[in-house]
Amino acid sequence: MIDISFSALVAQVFTGLVLGMIFVLLAIGLSLIFGLMTVVNFAHGSLFMLGAYFGVFLYGVTRNFWISLVVAPLMVGGLGLVIERFLIRRLYGRSPDDPLLLTFGLSLIMVEAARLIWGKIGLTLDPPRALAGAVDLGFMNFPAYRLFVIGITVLVLIAIWLFLERTNVGLIIRAGSRDPLMVRALGIDLSRIWLLVFGIGTGLAGLAGILAGPMRGVYAEMGVTMVIESFVVIVVGGMGSLIGAVVAGLLMGQVVGLTTYFAPALAEIMVFIAMAVVLLVRPSGLFGEAGLLE
Amino acid sequence: MRSIAAWIGAHPVVSFLIFFAVFPFLVPYQALATQVLIFGLFALGFNLLYGYTGLLSFGHAAYYGLGAYGTGIALARLHVASLWGALGTGLLLAGLGGAIIGFFCLRRRGIYFAMLTLAFAQLLYFVGFHLASVTGGDDGLRGIPQLRLGLPGLAVSLDSPISFYYFCFVLVGLAVAALKRILESPFGAVLQAIRENSDRAVACGYDVNRVKLLSFVFSAVFAGLAGSLDALRLTVVPIESLYWTTSGQVVMMTLLGGAGTFFGPFVGAATYLVLEDRLSVFTESWPLVIGAIFSAFVLFLPRGIWGTLTGGFHGRQST
């Protein structure tokens with residue numbers, strides 16, 4: 001029989017929560033970009049990977065984790081700006097498959113470039129000394145760095161929510177996802193908004209990458225399975241729905257965390273089974289509107 | 001050039017037979033010729049779905065892998081004595097997989113579809129990875145015996161590369177003829193109607209979902225035959241057959257050659273394999289170069305090589 005120890009189970013729930021946070025950061029970025037631009041960014045996983053490598057690079061230069069944590073996502077977001085402005089922009093008005101194909105090609109280039117620059121063997125990124133130990137939560141000890149990841153993700157989510165709900169630019173983004181033609185008719189230059197949103201989305205992928213680095217190690221293929229799982233999160237949550245991305249991301253974190261505990265061999269498979277079930281029961285996803293953005 | 005291309009377009013099966021009959025003597029070594037045939041067939045199957053029906057699958061490794069594992073398991077684990085039986089197992093498995101996964105993926109349209117096909121292919125990859133007692137897991141499926149080809153009245157050995165090439169040549173030739181038959185049938189016309197305007201095809205009274213599913217299954221069976229042949233060629237099925245990189249490969253081949261053109265898949269497979277062959281001599285980072293070439297094609301030559309020469313489908317129109 002399975003020996004269920006309570007504290008081990010709770011620890012697993014917390015581990016699942018941390019993984020869920022990484023999923024949420026990736027899925028929110030993908031979902032923002034998709035909702036506004038109907039672009040599926042296949043390179044999202046590779047940008048996640050670059051976030052981690054830039055983190056290692058910056059830490060090597062500055063010896064300061066906090067500076068790396070701020071600058072690495074900015075570098076990835078900057079790369080995202082370049083990709084949108086000079087490559088993806090050429091594809092607007094063409095088949096919606098084309099940006100997916102292009103970013104697929106770009107992700108091959110990025111993974112191979114990372115191998116070329118940083119080698120094939122994975123690197124490690126140490127958490128800052130202040131977060132090296134464990135925190136006593138009363139009923140168990142939990143690594144401080146993982147609590148920090150949970151905290152910072154919550155803060156970022158609140159910031160994004162405030163940005164979308166309380167600022168003018170956020171209003172334009174929301175309006176642009178709903179009816180881009182009308183927004184343009186009101187004399188707003190949407191191309192600048194697209195650029196901004198692509199930068200924010202890819203920056204979030206970079207942030208997820210540097211946050212994941214100390215927990216999962218840094219290697220060139222680290223983004224590949226993550227991007228596919230983030231696609232699953234979006235399908236489950238409902239395409240273009242930010243609430244859906246958050247709920248489904250946390251849910252998938254738990255699915256992976258708990259199956260790792262009860263049946264390790266099934267951990268990778270369960271994510272896809274969960275997706276198949278959602279597709280059967282509620283094809284538009286948990287929070288999706290039927291027929292939206294197809 | 002255009003008139004030659006037009007003649008080839010009008011007589012695809014004859015052109016295929018003429019060209020590939022002498023193909024092994026035009027390339028540096030025969031193994032490459034066999035690879036081009038097999039991957040050309042794989043891309044041909046993918047192209048039926050993307051180029052002619054307008055559905056972008058990012059998970060065709062699933063059907064290629066099911067074909068490869070089906071044939072491989074029949075020969076290595078179940079000790080099926082007939083090559084035809086083993087090939088049939090592979091095709092059946094690929095077709096069945098296509099029907100089940102297609103049913104799920106076709107519940108969503110557009111860009112969703114691509115992501116779902118990718119997700120289900122990854123599911124199969126992890127299943128193959130963990131079912132090591134059947135599939136060999138990470139080490140791949142080994143120990144596929146080289147059977148003699150049983151024909152009425154004689155048994156042909158496939159040991160030499162050139163006899164195996166012509167064995168593939170005959171089977172791929174049959175597949176090419178079958179594809180031509182499909183595309184020229186009323187069913188084929190509906191496929192292309194769906195590609196051009198799905199809503200209008202519905203309005204015309206076609207059961208679009210059924211037609212799409214059928215196209216999905218046909219496409220999976222073509223991919224499965226390619227996988228089966230590759231299992232016989234290598235006498236081993238690597239786990240990467242099911243991995244997403246294999247799906248990416250067939251996407252790149254088809255687009256390089258020209259989606260929605262009859263010979264684009266073969267042109268693309270040949271281009272990709274020759275590039276890989278030449279580049280890997282100089283650098284380990286050859287995927288970087290191919291990725292850059294592919295990205296450039298998406299940006300500047302969306303019709304691909306053959307499509308630019310003959311004029312073909314260049315992506316679903318945005319709605």
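How many helices and strands does the secondary structure of chain B come to? The count is 15 helices and two strands, where helices (H or I, at least four residues) and strands (E, at least two) are DSSP runs numbered from the N terminus. Keep in mind that this is a predicted model, where local features need pLDDT of at least 70, side-chain atom pairs count only at pLDDT 80 or more, and totals for chains, interfaces and linings use all residues. Residues are numbered from 1 along each chain as its sequence is written, while chains are lettered from A and ligands numbered from 1 in the order in which they are written.

Let's start with the overall build of chain B. Its C-alpha trace spans about 50 × 45 × 45 Å along the principal axes. The radius of gyration, taken over C-alpha atoms, is set against a globule rule of 2.2 Å times the number of residues to the power 0.38. For 319 residues a compact globule would come out near 20 Å, and the 19 Å of chain B agrees with that. Of those 319 residues, 53% count as buried; that takes 20 or more other C-beta atoms within 10 Å of a residue's own, while exposed means 12 or fewer and partly exposed lies in between, with C-beta atoms placed from the backbone. Two residues are in contact if those C-beta atoms lie within 7 Å. Among contacts in chain B with a separation of 6 or more, 75% join residues 24 or more positions apart.

Now zoom in on helix 8 of chain B, residues 161-184. Its 24 residues reach 34 Å from first C-alpha to last, close to the 34 Å expected at 1.5 Å a residue (the expected span is 1.5 Å times one less than the number of residues). Phe164(B), Tyr165(B), Cys168(B), Val172(B), Val176(B) and Leu179(B) are buried here, and the buried residues of helix 8 pack against helix 2 (12-22), helix 3 (30-52) and helix 11 (208-234) of chain B.

Leaving aside neighbours within four places in sequence, Val221(B) is in contact with Leu91(B), Ala94(B), Gly95(B) and Gly98(B).

Two loop residues have backbone angles to look at. His79(B), in the loop between helix 4 (61-76) and helix 5 (83-105) of chain B, has a positive phi of about 55 degrees although it is not a glycine. Thr235(B), in the loop between helix 11 and helix 12 (244-257) of chain B, has a positive phi near 55 degrees. His79(B) is exposed, with 9 other C-beta atoms within 10 Å, whereas Thr235(B) has 15 such neighbours and counts as partly exposed.

Finally, there is helix 14 of chain B. Its buried residues include Pro287(B), Ile290(B), Phe294(B) and Val298(B). The face turned away carries the exposed residues Ala296(B) and Phe300(B). What do the buried residues of helix 14 of chain B pack against? They meet helix 12, helix 13 (264-282) and helix 15 (304-310) of chain B, together with helix 4 of chain A.

That leads across to the other chain. In all, 35 residues of chain A are in contact with 36 residues of chain B. Helix 4 of chain A gives the largest share of the side of chain A that touches chain B, 13 residues.
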